[in-house]
There are 2 protein chains.
Amino acid sequence: MSGSTAVRDRLRQGHPTILDVAERAGVSKSLVSLALRGSPRVREEKREAILRAAEQLGYRPNAVARSLVRKRTNVIGVMLSDLHNLYFAEVVDGIEAEALSAQYRALINTGSRMAEREWVAIETLLQLRTDGLILAGPVLPTSLILSAASSVPVVLVARASRRPSVDSVTNDDRAGARMAVDHLVSLGHRDIAHVDGGTGAGAGSRRSGYLEAMRDHGLAGAAVVVPGTFTEEGGAAGIDRLLASRARPTAVFVANDLAAVGALHALERHGARVPEDVSVVGYDNTALAALGHIDLTTVDQPRREIGAMAVRLLLQRLDDGRDRGRHVVLPPRLVVRGTTKPPRAGAVAATSARR
Amino acid sequence: MSGSTAVRDRLRQGHPTILDVAERAGVSKSLVSLALRGSPRVREEKREAILRAAEQLGYRPNAVARSLVRKRTNVIGVMLSDLHNLYFAEVVDGIEAEALSAQYRALINTGSRMAEREWVAIETLLQLRTDGLILAGPVLPTSLILSAASSVPVVLVARASRRPSVDSVTNDDRAGARMAVDHLVSLGHRDIAHVDGGTGAGAGSRRSGYLEAMRDHGLAGAAVVVPGTFTEEGGAAGIDRLLASRARPTAVFVANDLAAVGALHALERHGARVPEDVSVVGYDNTALAALGHIDLTTVDQPRREIGAMAVRLLLQRLDDGRDRGRHVVLPPRLVVRGTTKPPRAGAVAATSARR
DNA sequence: GAGCTGCATTGGAACGTTCCAAGACGAAGG
DNA sequence: CCTTCGTCTTGGAACGTTCCAATGCAGCTC
């Protein structure tokens, strides 16, 4: 017995285990396990001895071993398509807060916006046996998402899904786009263009929302959509294309904040002042929009809430055994800042006259 | 034998294991293990049968079990103090690329800039037995960092260290600050103020670099430092304070980009045009600075390289058994954009006259 | 045809936990 | 004095891998 102790000591290089604690406290490994997990049926005196021994040895539970036997890691894997997009930072805040309060940990992995890298990230999380997966803004094909979902609960964030095997949390892009248009119309704008987001997540719905709102306001004839992307360059290129083809509109609704900043700069280049000559509305209310120097009117997505909801959906599948798909759509909110104001009298008249 | 098979099948709910694959392929678990890891000493015919069986069952290796026996997870834990800071996004790119090429995975956890949450994040990674830890911009006390470092190799990013047990990678903040000043001086500025970064990482060195450079240019008398922070508000408040106390300088070096954007806005508020009236230089060259609408002259940190270097330092300890501390300091680089230009003749004259 | 060699394959132990059925022990009850 | 009970404690099995020593077997040599 003391022989085996000697061997343990001699060979020890790594972390102390529950057996080391047991030996030092003079109890069995089982009791150590019980005590460390706070079981009420451990005699007070032994509990103290065990905690003391663990403390002295610098014992730290091995989550790997625990996960193996429990068949649960209590970890939620988060695949972030793009760390550079500030939009996701706050979503992650919501995920972490909600996960923590349910005794789960969130582990993040990123995909650098490339389908292949995203799959590597997901495969890694699956091999680590995370209890559930949150995919934030994935660009990879639905078939791969479904294949991941066949082995673990999956929630999609910022990408819609109708599948019963994959939950999703999105904001109501269509409604948000309508809010943007409604706001501009209420300021007196009628000549409102849209720089769209191409294949970006939610871009299609934002475009539809814009078109619907224009129609509802009787402005279908004034609606113009120019192609763009969710990038600064995309927004700037959209403005260039817009101004090349027609008279300057009095307002532009751009598909997201980053593109809106690009649009702001392009308008400036073209000699148009914002908001005096042209009003600009973005989408997402990222930290960028809130900068004093940019001060962009935009549509806010409840990002923390989106993250928290994603975790809740996961836990419902994990703990309550739900197996029907849930697709939550959260309402956005207009945030009025400095890039929108009523059009100048002349501009309005011109547009009215044209109709 | 077929009895136990039936039991396995009936009870199967979770993931298929190596045993399921072995059974289906008609070989032992050991051979499956060998084949899946690409050992050359498995007969071709069996290898194919095994791969086919694994494929059909949708087998996915259990990294938890593997880690337990190998006593290695091949995972590098990354604790990010703040996801909202774009500075770290690119550092993570470097970390991921370098880790991937060395067959490691990077797993990220965040601390929300609160020491307590940072410790939770680190503790989680330690319990998961990540092979090494990269702490990016941690705010927690050195004692805790040392305690983590006693059980696993730790590299600090964007926080200097002199300890032998903890490696670090930083940029040469002092040299970067000098570059900023040198640039302004070479444009003809002499009245150059500095809005500092308070307790932010590197802020102290940037301040020293500024003061040294001013002294070296014979401008010690013109040096002014006003307190700020690494935030937009910090930069704006710095400008407010600066202009309240004295005549407007012709140039300002602000401790980081975010604060510089705040400064830009504050200067605008005070009726000073940038760069016509005042030149502004930031630090970090984050994505923010590159926005066309902001176009900030700034000092670039080689962020990808910093991340990659952090991984390399970790691997040296892990694989080559290095145990002396290494503290790498990488050179920054000036990026000239639109917020700096020579001072107007009058302004220079005024300052010169004053001396 | 016995012994050797080398290759392909195998079973068992180990990793550090949790869980479970069962053990030890003293007190209470008959 | 023997049971029974309850409380606290224990050893062994299991989780899914990897690693290692050992086995089987074919072909070769003498």
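**Close-up 1. A263(B) and the residues around it.** In this predicted model, A263(B) makes contact with V195(B), G235(B), A236(B), G238(B), I239(B), V252(B), V254(B) and V280(B), once its neighbours within four places in sequence are set aside.

**Close-up 2. The open sheet of chain B.** Here you can pick out 4 strands in the order β7-β6-β8-β9 of chain B, with parallel pairing. At the edges sit β7 (224–226) and β9 (279–281) of chain B, each pairing on one side only. Neighbouring strands are turned against each other by 20° on average, if you ignore direction. Zoom in on β8 (residues 251–254) of chain B and you'll find 3 bridges joining this strand to β9(B), with the two running parallel. For a landmark, look for F253(B), which stands opposite V281(B) in β9(B). As for what holds such an arrangement together, strands of a sheet pair through backbone hydrogen bonds, either parallel or antiparallel.

**Close-up 3. Two helices lying across the sheet.** Which strands does α11(B) lie across? They are β6 (192–195), β7 and β8 of chain B, and α11(B) runs at about 135° to β6(B). Helix α12(B) takes β6, β8 and β9 of chain B instead, running at about 150° to β8(B).

**Close-up 4. Where chain B meets chain A.** On this side, 41 residues of chain B are in contact with 41 residues of chain A. Several elements of chain B each supply at least two residues to the side that touches chain A: α5 (63–70), α6 (86–101), β2 (105–110), α7 (115–127), α11 (232–245) and α12 (257–269). The residues on this side of chain B split into 19 nonpolar, 15 polar and 7 charged.

**Close-up 5. The surface near DNA strand C.** Around DNA strand C there are 25 residues, the closest being I18(A), S33(A), A65(A), S30(B) and V69(B). Both protein chains join in: α3 (29–36) and α5 (63–70) of chain A, and α3 (29–36) and α5 of chain B, each give at least two residues. The largest share, 5 residues, comes from α5(A). Sorted by class, this surface has 11 nonpolar, 7 polar and 7 charged residues.

**Close-up 6. The surface near DNA strand D.** DNA strand D is surrounded by 25 residues, and the closest are S30(A), V69(A), I18(B), S33(B) and A65(B). Two or more residues come from each of α3 and α5 of chain A and α3 and α5 of chain B. Here it's α5(B) that provides the largest share, 5 residues. The classes come out as 11 nonpolar, 7 polar and 7 charged.

Close-up 7. Most residues other than glycine have a negative phi, and most peptide bonds are trans. Now for some exceptions. The bond from V274(A) to P275(A) is cis, with omega near 5°, and P275(A) lies in the loop between α12 and β9 of chain A. In chain B, the bond from V274(B) to P275(B) is cis too, with omega near 5°, and P275(B) is in the loop between α12 and β9 of that chain. Q103(A), not a glycine, has a positive phi of about 70°; this residue is in the loop between α6 and β2 of chain A. Q103(A) is exposed, with 7 other C-beta atoms within 10 Å. S112(A) also has a positive phi, near 50°, and lies in the loop between β2 and α7 of chain A. With 18 C-beta neighbours inside 10 Å, S112(A) is partly exposed.

Methods: Residues numbered from 1 in each chain as written. Chains lettered and ligands numbered in written order. Predicted model: local features only at pLDDT ≥ 70, side-chain atom pairs only at ≥ 80, totals over all residues. Contact = placed C-beta atoms within 7 Å. Nonpolar A, V, L, I, M, F, W, Y, C, P; charged D, E, K, R; others polar. Near = placed C-beta within 6 Å. Pairing = 2+ DSSP bridges. Axes fitted to C-alpha atoms, helices over the stretch in contact; angles between N-to-C directions. Buried ≥ 20, exposed ≤ 12 C-beta atoms within 10 Å, placed from the backbone.
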